[in-house]
Amino acid sequence: MNHQPLLLTLSCFFLASSSVYSSGGGGNTPKPVRREVYGNGRIFDITHRYTPDLPFYGSKNGIGHFLWLQLSMKNASLTNNSEFDLPVHTGTHVDAPGHVFDDYFDAGFDVDQLDLDVLNGPALVVDVPRDSNITAEVMKSLNIPKGTRRVLFKTLNTDRRLMHRKEFDSSFVGFTEDGAKWVVDNTDIKLVGTDYFSIATYDEAIPAHVAFLRGREIIPVEGLKLDDIQPGNYSVHCLPLRLLGAEGAPTRCILIK
């Protein structure tokens, strides 16, 4: 969810090593291999790749041009230096309590204070009934075992490939307010992951976020890529950028079987 996105500008430093990469010319330049699965099917990347067509909350044309080469070796620079400019609630990302509570924001409850022990550890991937948002009734029906701390919810959003369409779609599936409150009141869940921009439905975005973030103990992870992920038990690892003062941050997430 993003209403007034904090813009992030970072520099990325790339130095080509002659021992690994060809400097060009002829047919000797290696071809990069882009993967989603590593370690002979044991490690799954569940982070969406950042491209100009990646959808963005409320946008019709994706995030657009966000990455450029600030310094180029082709223009006599010693290195290639890229810069990018993105709202922090873009793609796969986390929310901090300051996202919907201004007093928490002022007090410094930002992404830098989120608990890495919550963001990393055993996790359960569950299939949500495809005809419903994540309501209290749906949560009851999922029978998530007591003691489960991290749950990723695979929904109709994945089937519809909404994160692969550059136009934002407000009909996405998410938590309703009563579903979020049920999680808070009846489970041990501390990490809640979903497969579109907002943990909560478009119509109940604020009330559901408030329910999750009021206690400052539950971390929403939004925009997960669960396309080829089967329900079951995994180890999840999510590492948000350490953006001091930011109420959200892009996050690299993986699952290990």
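## Overview

Of the 257 residues of the protein, 49% count as buried. The structure described here is a predicted model. Its secondary structure comprises six helices and 12 strands. Among contacts between residues at least 6 apart in sequence, 73% join residues at least 24 apart.

## The pair of helices H5 and H6

Helix H5 (residues 177-186) and helix H6 (residues 205-213) have axes that come within 8 Å and cross at roughly 5 degrees. Because angles under 35 degrees count as roughly parallel, H5 is roughly parallel to H6. On the H5 side, the contact is made by Glu177, Ala180, Lys181, Val183 and Val184; on the H6 side, Pro207, Ala208, Ala211 and Phe212 take part. Sorted by class, the contact of H5 with H6 has seven nonpolar residues, two charged residues and no polar ones.

Helix H6 is mostly covered, with seven of its nine residues buried. These buried residues are Ala205, Ala208, His209, Val210, Ala211, Phe212 and Leu213. The elements that cover them include H5, helix H1 (102-107), strand E6 (93-95), strand E9 (191-193) and strand E10 (219-222).

## Nonpolar cores

In soluble globular proteins, nonpolar side chains tend to be buried together. In this model, the largest nonpolar core has 27 residues. Those with the most contacts inside this core are Met139, Ile144, Phe153, Phe175, Val183, Val192 and Phe212. At least two residues each are supplied by strand E7 (120-127), helix H3 (136-142), strand E8 (150-154), H5 and H6. The helix H6 gives the most to this core, with five residues.

Which residues does Phe175 touch, not counting residues up to four places away in sequence? The list consists of Ile134, Met139, Phe153, Ala180, Val183, Val192, Thr194, Ile199, Ala200, Thr201, Ala208 and Phe212.

## The disulfide

A disulfide is a covalent bond between the sulfur atoms of two cysteines. A search of the whole structure finds one disulfide. It is formed by Cys238 and Cys253, whose sulfur atoms are 2.3 Å apart. Cys238 lies in strand E11 (residues 232-240) and Cys253 in strand E12 (residues 248-256), so the pair ties together parts that are 15 residues apart in sequence.

The torsion about the S-S bond of Cys238 and Cys253 is about 120 degrees, and the disulfide is therefore right-handed. Both Cys238 and Cys253 are buried.

## Residues with positive phi

Most residues other than glycine have a negative phi. Ala76, although not a glycine, has a positive phi of about 80 degrees. Ala76 lies in the loop between strand E4 (67-71) and strand E5 (80-87). Is Ala76 buried or exposed? Its relative accessibility is 72%, so Ala76 counts as exposed.

Asn143 is another residue other than glycine with a positive value, its phi being near 50 degrees. The loop between H3 and E8 contains Asn143. With a relative accessible area of 61%, Asn143 is exposed.

Notes. Residues numbered from 1 in each chain as written. Predicted model: local features only at pLDDT ≥ 70, side-chain atom pairs only at ≥ 80, totals over all residues. Heavy atoms only, no water. Disulfide = S-S within 2.5 Å. Helix = DSSP H or I, 4+ residues; strand = E, 2+ residues; numbered from the N terminus. Buried < 20%, exposed > 50% of the residue type's maximum accessible area, 1.4 Å probe, protein only. Axes fitted to C-alpha atoms, helices over the stretch in contact; angles between N-to-C directions. Parallel < 35°, antiparallel > 145°, perpendicular 65-115°, else oblique. Contact = heavy atoms within 4.5 Å. Nonpolar A, V, L, I, M, F, W, Y, C, P; charged D, E, K, R; others polar. Core = buried A, V, L, I, M, F, W, Y, C linked by side-chain atoms within 4.5 Å.
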